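Work through the exercises below with the model open. Each task is followed by its solution.

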Amino acid sequence: MVITYTPSGLFIGGHHVPGSGRSFHVDNPADGQIIATVSDGDATDAAHAVEAAAAAATGWARTSPRRRSEILYTAFELMLRNRRELAELIVAENGKCVADADAEITYAAEYLRWFAEEAVRNDGTYTHAPGGGTRSIVHRQPIGIAALVTPWNYPAAMVTRKIGPALAAGCTVVLKPAAETPLTALRLAKILSEAGVPDGVVNVVPTTDPAAVVSTWLQDPRVRKLSFTGSTPVGRLLLHQAADRVVNASMELGGNAPFIVTRDADLDHAVAGAMVAKFRNSGQACTAANRFYIHEDVASQFAARFADRVSGLRVGPASDPDNQIGPLINAEAVSTITDLVDNTVHHGARIAARATCGIDSRNGYFYPPTVLVDVRADADIIGHEIFGPVAPIVTWNDERTLLDYVNNSEAGLAAYIYAGELQHALRLGESIQAGMIGINRGLISDPAAPFGGMKQSGLGREGGHEGLHDYTETQYLSVDWP
């Protein structure tokens with residue numbers, strides 16, 4: 001695939017700069033072909049990025065909320081104006097199908113619009129002290145330079161979900177995108193610059209040595225915020241580092257979302273929701289349905305209808321716009337999922353459906369969408385975040401046992417419930433240890449809602465009103481009032 005934007009370097013101080021002189025290749029997971037060569041940042045480059053962010057910090061913090069709002073809204077409009085180019089970048093470096101890439105641009109841009117609106121609503125309070133004699137003023141200040149670390153699975157949305165609130169609050173940022181997908185982040189930095197973001201407010205350092213770059217940022221006393229999206233093990237390591245300097249940390253970590261269908265659910269509606277919750281972005285989403293719990297009275301019907309839909313999915317590269325399922329991100333992902341499925345089948349599960357994959361995995365990182373039935377509740381695949389197009393089905397008949405199954409996980413990011421009676425669905429939802437619950441719908445992400453998890457799925461929230469607050473410090477002024 002030909003892409004029209006090929007950055008020449010890191011993005012620091014409002015410009016592309018060559019960095020350390022090293023570089024790395026970005027390839028297309030659909031065919032393994034190199035699509036770009038990107039400057040490979042190191043600790044020195046990371047330090048330069050902080051210098052640029054620090055030089056711009058005071059001016060950006062003092063910029064009026066209305067002006068920050070206008071700039072973010074302009075960036076929103078520029079994203080939509082350049083949606084085809086951005087979608088082509090995502091397809092090329094991430095491999096997702098055209099429809100998924102286009103949908104991501106819409107979703108990503110909405111974060112800029114939402115936080116453009118929130119920038120002028122960073123509310124505080126003015127109150128009389130209960131004991132009299134003073135007035136209390138509480139307001140929110142920008143927290144300072146924010147270090148942002150984003151994953152490869154949503155290379156646009158994960159960037160705007162962090163940069164949007166940071167800029168709305170008045171923070172400057174240093175961003176490390178995933179090495180697999182740096183091009184979209186670099187293009188978004190340029191769009192923000194074109195929208196009027198001053199030089200140094202947004203800085204991007206792609207790297208194949210993330211430990212060196214992020215450690216440099218966390219050791220710098222001017223960096224006061226860390227926002228990370230990625231795996232739980234890496235999140236734990238970063239929290240340890242952040243603790244050394246008591247850096248404010250937000251973590252959006254791994255998921256293991258249950259998808260529950262009750263005996264009175266509308267099965268056609270549940271199957272349609274399962275297709276979205278499981279196979280969007282080829283299953284490579286932290287919110288993806290990971291384990292399916294279907295009531296035994298409807299399990300065979302659900303599995304048959306689900307299997308029929310899955311077997312008809314078109315798998316292949318995005319060069320064919322009719323393809324619905326693209327490649328996984330790399331060969332390791334294919335190998336991991338292959339081993340999980342083989343092990344599950346070895347222990348008694350059956351493959352109820354598998355889409356036809358006409359692409360040799362040696363020419364791209366493809367794995368066919370697969371439905372597994374007769375899966376044990378304690379199977380290894382149930383405890384793993386699959387991060388791919390595989391749906392293991394477990395049956396249940398007792399709600400207390402079901403909740404034990406569902407909550408027996410260190411992850412608590414998302415869950416999905418399909419039930420005929422809304423009150424029943426809500427009672428189930430309130431009993432599930434997860435930060436986000438989809439009730440009779442397979443898509444839960446919304447820029448206007450707080451995105452985040454419980455337990456080891458993370459700390460803090462992105463999106464909604466809470467997303468802005470995560471980039472602020474609360475200050476209280478006590479005013480003498482005789």
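**Exercise 1.** Find how many residues the largest nonpolar core has, and which have the most contacts inside it.

Solution. This is a predicted model. Its largest nonpolar core has 66 residues. Those with the most contacts inside it are M79, I163, L167, V173, L183, V202 and V204. Helix α4 (residues 98–118) gives the most to this core, with 10 residues.

**Exercise 2.** List what L167 touches, leaving out residues up to four places away in sequence.

Solution. Take contact as heavy atoms within 4.5 Å. L167 then touches W60, R68, L72, V173, L192, V197, V201 and V202.

**Exercise 3.** Is strand β12 (residues 257–261) mostly covered or mostly open? Sort its residues by side.

Solution. Start with the cut-off: buried means under 20% relative accessible area. By that test, 5 of the 5 residues of β12 are buried. The strand is mostly covered.

**Exercise 4.** Which strands pair with β12, and over how many bridges?

Solution. Take β13 (residues 289–295): β12 pairs with it in the parallel sense over 5 bridges. Here A257 stands opposite A289. Now take β18 (residues 414–418): 3 bridges join it to β12, again parallel. I260 stands opposite I417 there. β12, helix α9 (residues 267–279) and β13 make a right-handed β-α-β unit.

Notes. Residues are numbered from 1 along each chain as its sequence is written. This is a predicted model: local features need pLDDT of at least 70, side-chain atom pairs count only at pLDDT 80 or more; totals for chains, interfaces and linings use all residues. Side-chain values use heavy atoms; hydrogens and water are left out. Buried means under 20% relative accessible area, exposed over 50%, partly exposed in between (1.4 Å probe, protein chains only). Helices (H or I, at least four residues) and strands (E, at least two) are DSSP runs, numbered from the N terminus. Two strands pair if DSSP finds at least two bridges between them. A crossover is right-handed if, with the strands pointing away from the viewer, the path from the first strand over the helix to the second runs clockwise. A nonpolar core is a set of buried Ala, Val, Leu, Ile, Met, Phe, Trp, Tyr and Cys residues joined through side-chain atoms within 4.5 Å.
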